[in-house]
Amino acid sequence: MQVAYVILWWLALELIGLVSFPLVSRVCVRLKDKGYAISKIFGLLFLTFLTWLFSSIHLLQFGYAGIILSLAVLAALSLYFGRENLKIKNWPRKQMLTSELVFAVSFIAFLLVMWGEPDIFYGGADYFMDFAFMNSILQGGYFPPVDPWFAGETLPYYYGGHLSVASLTMLTNVPPEIAFNIAVAMFFALTASASYGLGYNLTGRRLYGVLTLVFVCFTGFLTGTYQLIGYVYHTSILGAPYIEAPNIAEWMMNFDFWSAPWVLPGAMAQYPYYTFLAGTLHAFMMSIPFQLMFITLVYALFKRSRGAGEISRADTAIEIAVLGVCLGFFSIVNTWEYPVYAIFLVAAYILLRMRRGWKSTFGVPAAIIAVSLLLYLPYFLTRGMGGVGGIDFVVCEGMLVIEPTDFAGFFEAIGLFLFLILSLLVVLPRWGMPRIKESIAAAMKGRLPAIIAAIAFLSAILVAVFTGLHVLIAAVPMILVPLYYIFRKKTKSTREFVLLLVLIGGALALFCELFYIDDMYGQPWERFNTVFKIYVPLWIFLGISSAYAVFYFLRNTRIRWVKAGWIVVLAAFIIAICIHPIASTVSATGGRQVGWGLTRGTLDGMAYLETIYEDDYAAIKWLNENIDGSHVILEAPGAVFQYTSRVSTFTGLPTVIGWTSWEVMWRGDFGAVEDRERDVNAVYNASDNVEAIDLLQTYDVRYIYIGSVERDRYTEEGLQKFADLTDYYSVVYENGSVAIYEVLEE
């Protein structure tokens, strides 16, 4: 049956992609694959946007009818505006088949990964949070959705990715606990196909499409190599954890991949494959394919701007509308990425001169940003800043308030990309090695920019040495050299587009060293979220440009021994950065160093509950099958990464207070969370039923859940009152340690 669910999900996604392709191909008309590699992502984004919009303006509640209407509107828009691209004989069929093959292999491969680690587990990551969001949306109603862990209030967190999964779940009628794991594999496959497509479109070579896929989707930190060397020599290498094992197979089974993201001080920096392997539908993971889609769209429009003739008003309007919807989508899928891609968009239009005339150069991106804000206005009006207090400097009163990243840690995280980008920057002047003096002299024709860049770089080195901001040594040339070559070249080409990606990547790395987003984290974790959220787009920008750097270096290096030596170094680097993801996969799907692994050989994320929490499992199944509507259910207050808030998580029914630490972080309000926690405890423990009833009415509680968590936490006398006072409470379910009571109306 689970295979049937996978096929149904796949077919739905194929339908969405095919429906969207005519419109995508109009925007991406000058790409070799006409944008087919991103058509599924594009369609899923627009389907989600329309479904969200209809519900946000109270036209239709979230449900099957709204999703079908959204699909019909998407089809109508695509067929009308892409009507010139409907002839199948003009479609790039070979590229389409290749893209489908990449998607299929990636999807099946990652389904097998999820088959080995399906548990929607409470420890180690945000499985409970993400599943609770998804189930809350599936309860229906208008948007914004109800917060399942703060009854009576709406979600204070971005939920666009969860909505896209909920929409496909409802469209295909796949059980949520299975859809959760299928969706993780889907996002990986969408990322793989988009990465391949972008690499192929940038270079015109399938090999570099595959290389882009590998760099973006699979490579990891050098930590794995350090750990392997430590295993061989029985010692810790550069702080990497050392694991004793009788053989390499056992070493991989016991591999501790949890420690990999902690390569930067006071922060967790994850690479994309790690986020997919963790197997949770977190916002920064679900946004990855949408980021690649946006970069592809900007590149497609850049390519179109290089063509002959003026761009029509109709195409300009489509350009503004499409990019406006796609840019604005970041605000609801992962708000942190909205400013990143808004800056990238503006930089692309201005630095690459994507429109003729200064009026259009500035006017078009301004219009796109305006559309992105206007279309998503209902979201901005219903969501506050939560615990975010603005942007702060890492230097305060002449002192570093945050421990900076040393170069060793930075190299451990993105060493391959630094090597390849340095290779790209070195080969840009097209040195004639036999006549290197003449080549240098030719490169120095524009003396003033070169002198300014040299001074800036030397200054960066001095600042890095005296302040400890070692990242400046890499980030400054990654910004200045691309700027120099972008300005120098009058007619912009794909090379200049890739240099812009390098520039943005360098700027993101520099931002994380100079600034941090002020949130609820205190010392020494002030920049935890800043690095956590920004290093994923940083990886994407650098991964794409690094794959292109391989293509550019090999094509422009004529000396055989230089090329051969460089290839050897590259091969060694690739092997080194693949050790961590390979060992992590073995450990996660069959090893012993993970927090889950309770169930294997299924896509059912709830299956482990039946084994270790049998009574809760049966009760939750009953609730999902018998309770209609989003009624408030009382359960014990939640604690982060503990087996709490399980009822609201697995049903989507809101509870008075879920994981308290997360609610404090989202809302920035300790008092409200503490009040609710105290009130819930009072309801369960109260011997005076008058107080309990008053509190239940305050939060509009309809059901009271008593399971092993509540029996361990509260007094027997307090819990017994629900069974004794039949005028106030009626038992609607009872099995083993679980009893569910309905609060009767007076």
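Questions and answers on a predicted model follow.

Visitor: What kind of model is this, and what is the mean pLDDT of the protein?
Guide: This is a predicted model, in which local features need pLDDT of at least 70, side-chain atom pairs count only at pLDDT 80 or more, and totals for chains, interfaces and linings use all residues. Residues are numbered from 1 along each chain as its sequence is written, and side-chain values use heavy atoms, with hydrogens and water left out. pLDDT is the predictor's confidence in each residue, from 0 to 100. Here 94% of the residues reach 70 or more, and the mean is 91.

Visitor: How many salt bridges does the structure hold?
Guide: A salt bridge is a side-chain nitrogen of Lys or Arg within 4 Å of a carboxyl oxygen of Asp or Glu. By that rule the structure holds 16.

Visitor: How many residues apart in sequence are the parts tied together by Arg667 and Asp147?
Guide: The two side chains meet in a salt bridge, N to O 2.8 Å. Arg667 lies in helix 28 (residues 660-667), and Asp147 in the loop between helix 5 (127-138) and helix 6 (160-172). Helices (H or I, at least four residues) and strands (E, at least two) are DSSP runs, numbered from the N terminus. The parts so tied are 520 residues apart.

Visitor: Is Asp147 buried or exposed?
Guide: Buried means under 20% relative accessible area, exposed over 50%, partly exposed in between (1.4 Å probe, protein chains only). Arg667, at 22%, is partly exposed. Asp147 has a relative accessible area of 0%, so it is buried.

Visitor: Which residues are linked with Glu710 in a network of salt bridges?
Guide: Glu710 forms a salt bridge with Arg646, with the closest N and O atoms 2.8 Å apart. This pair links helix 31 (residues 708-713) to helix 27 (residues 646-651), 64 residues apart. Both Glu710 and Arg646 are buried. The network joins Glu710 with Asp616, Glu635 and Arg646.

Visitor: Which strands are tied together by Arg702 and Glu742?
Guide: Arg702 and Glu742 form a salt bridge, their closest N and O atoms 3.0 Å apart. Arg702 is partly exposed, at 29% relative accessible area. The pair ties together parts 40 residues apart in sequence, because Arg702 lies in strand 6 (residues 701-706) and Glu742 in strand 8 (residues 738-743).

Visitor: Which residues of helix 28 are buried?
Guide: Their cover includes helix 5 and helix 29 (670-685). Just after helix 28, Gly668 takes a positive phi of about 65°. The buried residues are Thr660, Trp662, Glu663, Val664 and Trp666.

Visitor: What separates the C-alpha atoms of Gly652 and Ile137?
Guide: Gly652 lies in the loop between helix 27 and helix 28. Gly652 is buried, at 1% relative accessibility. Leaving aside neighbours within four places in sequence, its contacts include Ala132, Asn135, Ser136 and Pro148. Gly652 and Ile137 are 515 residues apart along the chain, and their C-alpha atoms are separated by 7.6 Å.

Visitor: Which residues does a cis peptide bond join?
Guide: Pro144 is in the loop between helix 5 and helix 6. The omega of the cis bond is about 10°. The bond joins Phe143 and Pro144.

Visitor: Is Asp700 buried or exposed?
Guide: Asp700 has a positive phi of about 55° although it is not a glycine. Asp700 sits in the loop between helix 30 (689-698) and strand 6. At 59% relative accessibility, Asp700 counts as exposed.

Visitor: Which helix gives the largest share of the lining of the largest cavity?
Guide: A cavity is a set of points on a 1 Å grid over the protein atoms alone where a 1.4 Å probe fits but cannot get out, and lining residues have an atom within 4 Å of a point. The search finds 3 cavities of 30 Å³ or more, and the largest has a volume of about 40 Å³, volume being the space filled by probe spheres set on the points. Of its 13 lining residues, those closest to the centre are Gly220, Ala413, Ile414, Leu416 and Ile577. The largest share, 7 residues, comes from helix 18 (residues 407-427).

Terms used: 1 Å grid on protein atoms, 1.4 Å probe; cavity = no way out; pocket = protein on both sides within 12 Å on 5 of 7 lines; lining within 4 Å. Contact = heavy atoms within 4.5 Å.
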